[in-house]
Amino acid sequence: MLDVRRMQVLRAVVTSGSVSAAATNLGYTPSAISQQLATLEREAGTPLLEKVGRGLKPTPAGVLLAERAGQIAELLSSAEVELADIRAGRTGLLRMRFFHTASVGLVPAAVAKFRAEHPEVQLDLRLQDAGLIDDLAAGESDVAIVVAGDQEPERRGVRFVHLTDDPYRVVLPKNHPMADQECIDLAQLAAEPWVNSAINTGDICGRLLQEAYASAGFTPKVALEADGTYSAQGFVAAELGVSLVPRLGLDVVHPGVVIRAVRRPEPVRRLYAAAREAIADLPATRSLLATLREAAS
């Protein structure tokens, strides 16, 4: 394996034309320069310099390695500049993942603000409903919006920042008998058919709803599962049932439904921004987390 530092020594000798001149320029002794060159020749397996009168001339192999040493020096210098830009938050790539309802009322506003403030930072955005924390811990993403229950999430190598608490709201058809109530006890809806109850998903949201129904003393009669919050509202508007939807997913409300608070109990999701610990303190990451907090508030 060729040593890059010895290649730079060779380059200095080729550029200056002698070992003594290179030693002066690099701050080494001539004997140290000669030792470095001898070791590099053994690594290369071929002579790199030949004597011409009182000076030295590079062999074809020496010319090649001196040229490559110059290219490596330029590449390292460029990498240092790019790294400084990343540390200062001027450029780079952030891979952000988020679940469906976060894409409705949270992520778009945060992304718009971040891009206006950091136009040179590239954002790789992707909708993802499962494995968000696992992917962060594995280094496959950088920032994610995740849901937690009552306990604050923990994972080695991942930093969590609380964004907001997201309570569920009950969605009713406009002509529902309880549509005039400002707040509805969950037990009052025990006999209703349900749309998009999500109690069988096995994730945190499913467990939250399952616990809420159990606390209210009933098991919901599920009429159907919709594939999103707005489609769930459409089925409710068609009077096929009622639904519990997180407030974050209600930025757009179907004209055929009413949204009411629910209590006894009120299911609440806790939303966090999660970032890889290795990049959490970089300026671009801190700025993205700040814009997410601002959008959530």
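Biologist: Is Asp-185 buried or exposed?
Modeller: Keep in mind that this is a predicted model. The cut-off for buried is under 20% relative accessible area. Asp-185 has a relative accessible area of 15%, so this residue is buried.

Biologist: Which residue forms a salt bridge with Asp-185?
Modeller: Side chains of opposite charge can pair when their charged atoms come close. For Asp-185, the closest N and O atoms of the salt bridge are 3.1 Å apart. The partner is Arg-264.

Biologist: Which residues do salt bridges with shared partners join into one network?
Modeller: One of the links is between the side chains of Asp-3 and Arg-5, at 3.6 Å from N to O. Asp-3 counts as buried at 17% relative accessibility, while Arg-5 is exposed, with a relative accessible area of 66%. The network is made of Asp-3, Arg-5, Arg-6 and Glu-43.

Biologist: How many salt bridges does a search of the whole structure find?
Modeller: The Asp-3 and Arg-5 pair is a salt bridge, and Asp-185 with Arg-264 is another. Searching the whole structure gives 16.

Biologist: What separates Lys-113 and Glu-117 in helix α6?
Modeller: These two form a salt bridge, with the closest N and O atoms 2.5 Å apart. Lys-113 is partly exposed at 30% relative accessible area, and Glu-117 counts as partly exposed at 42%. They are four residues apart in the helix, so the separation is about one helical turn.

Biologist: Where do the buried residues of α6 lie around the axis?
Modeller: The buried residues of this helix, residues 107-117, are Val-107, Ala-110, Val-111 and Phe-114. They cover an arc of only 95° around the axis, so they are on the same side of α6.

Biologist: Which elements are included in what covers the buried residues of α6?
Modeller: Val-107, Ala-110, Val-111 and Phe-114 are the ones being covered. Contact here means heavy atoms within 4.5 Å. The cover includes β3 (92-98), α5 (102-105), β4 (121-127), β5 (143-148) and α10 (283-296).

How values were computed:
Residues are numbered from 1 along each chain as its sequence is written. This is a predicted model: local features need pLDDT of at least 70, side-chain atom pairs count only at pLDDT 80 or more; totals for chains, interfaces and linings use all residues. Side-chain values use heavy atoms; hydrogens and water are left out. Buried means under 20% relative accessible area, exposed over 50%, partly exposed in between (1.4 Å probe, protein chains only). Helices (H or I, at least four residues) and strands (E, at least two) are DSSP runs, numbered from the N terminus. The arc is that of the directions from the helix axis to the C-beta atoms. A salt bridge is a side-chain nitrogen of Lys or Arg within 4 Å of a carboxyl oxygen of Asp or Glu.
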